[in-house]
Structures are given as C-alpha cells and as structure tokens.
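Student: Could we go through this model term by term, with each label set against the rule behind it?

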Amino acid sequence: MSFNPFPIKNHQLYIGEHTVSSLAQQFGTPLYIMDEALMRHQMRLFKQNFKHKFINTEVAYASKAFLNLAMCRMVDEEGLHLDVVSGGELYTAKQAKYPMDKIIFHGNHKTRDELQLALDYKVGLIVLDNPFEMDTIQHLHPIQPVPVLLRVNPGIEAHTHDYIATSRLDSKFGMSIFSDETLDLIEQLNQSEHFDFKGLHCHIGSQIFDGTSFVKEIQALLQYVKRVFDEKGIEIEILNLGGGFGVQYTAEDHAIDLEATLPQLLDTVYSETLRLNLQMPTIIIEPGRSIVANAGITAYTIGATKQTPSGKEYVFVDGSMADHIRTALYQAKYEAALVDRMNEMADHHYTLAGRACESGDILIHDCLLPKVEINDILCVFSTGAYHYSMSSNYNRLLKPAVIFVNEDAIRIVNKRETYEDLLTQDRL
Ligand SMILES: Cc1ncc(COP(=O)(O)O)c(C=O)c1O
C-alpha cells in the first residue's frame, strides 16, 4: 500500500468531500490539488507544540515550499510568520496584504533592488548571509536601523541529500562559526547605526528525520551565543533554528514525530541556556515542507504505455518534470495510485514517465499500480511542497492549475496556464 493521508470510499480517493476523479474531470489534468484542512492542521500542530509552549517562540512558514496569494492569506489567518527568499516572494506577500513586520527575508545573495524593497516594505527581519549584504544595506542609507539576523553555519551534518544539506562546512550559506571573521562581523553589525542586530539564524538542511540533528544544532549555536557574549559582550535576542522537519513520501519513510520533537527542541534550548548561564532568546523555527507536502497531490491522466525490448513498462502521463522536478533533481521517491481503483492490488511495476523531451523525465522509477488502462486518472502523493514552486515552462509546457479543497469548498488558487500566458513576456 502507498502512503496516503486521504480517505477512500467506494474504491475512490477523496480530498475533502470530493473524489479526486471528479476534481480531475472538473478542472482538467495535470492538476495540483491541496487539502486546505490538512495544511491548517499542520500549522496548528506547530503552534500547539512550539509557539504556544513558551512565551518567546515563533513559527514562520518557509514560503519557498509553496506560495501564492491564497497561501499568504492562510498563513496570516493562522498567525504564523512568513519566511521569504526573493523579491518575488516578498512582493507576493505584500500583494496579499500579509503584515510586513512578520516577514523574515532570507537568501545567500539578495540583490540591491531586493534589499531596497525589503527596506521600503519595512520587513520584520532581514537575515544577512555575508558582509557584502551588510555593505549593500549601508549604501542604501536606511532611515532607521534595520533589524537583522546573521546566518551562521555550525557545520552540523544532517543526514539528508547533498543538495538539501545546507550546513556542511563548505556550504554556500551563511558564515562559519569557526571563523574569526564571523565574530568581527557580528561586532560591526552590533556597533553600526544602520543595523539593529538581533541575533543568529541557522538552517542545517531539509528532510531531517533524526531529532538529534536539531539538538546538536541548538547545542552548537548556544555555545556560540556564549562565545559572542563572553568575547564581545553582545547578547543574542533571537535564535532562528530554520526548518527541515522530515516528511513521509513513501510507505517506507518515517516522518519526524513533531509532537515529540518540537517540545524536545524547546527543552534543549531551555536546559542549555540555563547550563551556560545565558538569557533565554526568542526561538524561531521555519517549517516549509512539513506544512504542505502531504496536503498536496498531483492528478494526471494516463495517455499511453510502452514496453521496451528488455521488458521495461512505461506509463506516460500528461505531466512531466516541468511540474514534478524532485525525482530528477534529488532522486526523490514517490508513490502513486489510480484514484478510482483504490481497491485493486497494486502489483504491476511501471516506470512513470512524463512528456518532456528528456530521458531523465521520470516521475517514479518503480511505480506500483494495478494494471493501468488508458484514461485512468493517476495521482502522485505528497506533492504539496517544492512542486508548484519549482515548476517551469520547460518545453513550453503549461503550468497546471492549483486548487484548494476544504471539505466541500473548492477554489482555484492558481489558474491553469494558457498558450497566451506563455507569450506574455515574448517580444519580436
Ligand atoms: C533558511 C531556510 N529555512 C527554512 C527552510 C524550509 O525547509 P523545509 O521545507 O525542509 O522545512 C529552508 C529550505 O530550504 C531554508 O533554506
């Protein structure tokens, strides 16, 4: 059986009160379907087990996982902060009337224009990655001190894919806690009239299943907080621990247990600050994937099959790596099902392939399904995070629509692209 968080009734897969098959019929395929109730449930889980456990805690949704106007509104309604990494994400939040003082602006190389936009919008926190960003902001002559964190890298090995591990010593992100330059930069930020230096940020990687990686991160960071205080007399008010909580994609995965891990992180912060005789800082976490991944599926129509001389059986769907890049990018594993044949044994091994002109355009390498029929509606599970946000127009393929389903309510939150949309930026 595949990993499936959604109900099955009369052999049909449901999201909210709708069969996936009826949604596919009504809105066409490929189609991203997101269960709004499940996203809200995940946000509330973070609030209950983290934000409401201590006074000085905040949860920021890492919008890179999935962002549009409707998502910004939902994050605001649920009372979460918002982490953005580009002018585009920032602009989206502004247009959605998301409160700018709850924005945390990240990125290893924010452009001058993006930093100017962040100053104009008066965002809550800018997370500086390096001294160049400090210089850029100084040259923009901010009218008030800019509240900033500095991203540091404690060199923690989180056991995850190379591309989503961000805290190795040679990572492109942040400043090493082992370098004197970092301590000097903190001192400069603290002394500068242009900055209101608030503290440190760190994100050790994504798809982390082992809570001890976070515990090690906290221990390393608080040791560093102590060093900053002892050597420079600077107190750290805010410690942002990043995101990366691992989710289940397949039946074999074991998602991190948020109800056990989140309080454990706070306990660690509490006991370590006591042990090191430090002031308790405000603690922020930034989950992205763990809020949206499982809430999303992608529905496709099966259009053809092909058997190679070696016996490999391909199933071709009407989507591609343009709407599902993570298999090609990270060798990520997924599972699929035929949405109106959920009762049948999934005993055929298929290679689920897209329609892009690339041999690497495979969505699932070993996809277990019942014997497929042309026009079956197939869904790939757990596509809510880093799918729509990583989608492209490769081969000039059109981006699918995104719909939110909340019990019986359905709304289109991103329209399906048209051929005309493709030409909006073209000029002869
Ligand atoms: C700085 C930062 N915070 C939070 C996240 C969210 O990570 P995840 O979606 O794995 O929770 C990321 C992901 O790359 C990140 O770079």
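Student: How do the residues of the shell around the ligand divide by class?
Tutor: The shell in this predicted model divides into 4 nonpolar, 8 polar and 4 charged residues, where Ala, Val, Leu, Ile, Met, Phe, Trp, Tyr, Cys and Pro count as nonpolar, Asp, Glu, Lys and Arg as charged, and the others, Gly among them, as polar. Local features need pLDDT of at least 70 and side-chain atom pairs count only at pLDDT 80 or more, while totals for chains, interfaces and linings use all residues. Residues are numbered from 1 along each chain as its sequence is written.

Student: What makes a residue count as near the ligand, and how many residues surround the ligand?
Tutor: A residue is near a molecule if its C-beta atom, placed from the backbone, lies within 6 Å of it. The ligand is surrounded by 16 residues, the closest being Ala-62, Ser-206, Gly-243, Gly-288 and Arg-289.

Student: Why is H4 called roughly parallel to H5?
Tutor: The axes of helix H4 (residues 87-95) and helix H5 (residues 112-121) come within 10 Å and cross at roughly 25°. Angles under 35 degrees count as roughly parallel, over 145 as roughly antiparallel, 65 to 115 as roughly perpendicular and the rest as oblique, so H4 is roughly parallel to H5. The axes are lines fitted to C-alpha atoms, for helices over the stretch in contact, with angles running from 0 to 180 degrees between N-to-C directions; helices (H or I, at least four residues) and strands (E, at least two) are DSSP runs, numbered from the N terminus.

Student: Which residues bring H4 and H5 into contact?
Tutor: Two residues are in contact if their C-beta atoms, placed from the backbone, lie within 7 Å; here Gly-87, Leu-90 and Lys-94 in H4 meet Asp-113, Glu-114, Leu-117, Ala-118 and Tyr-121 in H5. By class, this contact has 4 nonpolar, 1 polar and 3 charged residues.

Student: What makes H7 roughly perpendicular to H8?
Tutor: The axes of helix H7 (residues 180-191) and helix H8 (residues 211-232) come within 11 Å and cross at roughly 65°, and that angle makes H7 roughly perpendicular to H8. Leu-183, Ile-186 and Glu-187 of H7 make the contact with Val-228, Glu-231 and Lys-232 of H8, a set of 3 nonpolar, no polar and 3 charged residues.

Student: How do you know that E4 and E20 pair, and in which sense?
Tutor: Two strands pair if DSSP finds at least two bridges between them; strand E4 (residues 31-35) and strand E20 (residues 401-406) have 5 bridges, in the parallel sense, with Met-34 opposite Phe-404 in E20. E20 also pairs with strand E21 (residues 409-414) over 5 bridges, here in the antiparallel sense, and Ile-403 stands opposite Ile-412 in E21.

Student: Which residue takes a positive phi in the hairpin of E20 and E21?
Tutor: Glu-407 does, with phi near 55°, in a hairpin that has 2 residues between the strands. Most residues other than glycine have a negative phi, and most peptide bonds are trans. Lys-97, in the loop between H4 and strand E7 (103-105), likewise has a positive phi, near 65°.

Student: Where is the cis peptide bond?
Tutor: The bond from Thr-29 to Pro-30 is cis, with omega near -10°, and Pro-30 is found in the loop between helix H1 (20-27) and E4.
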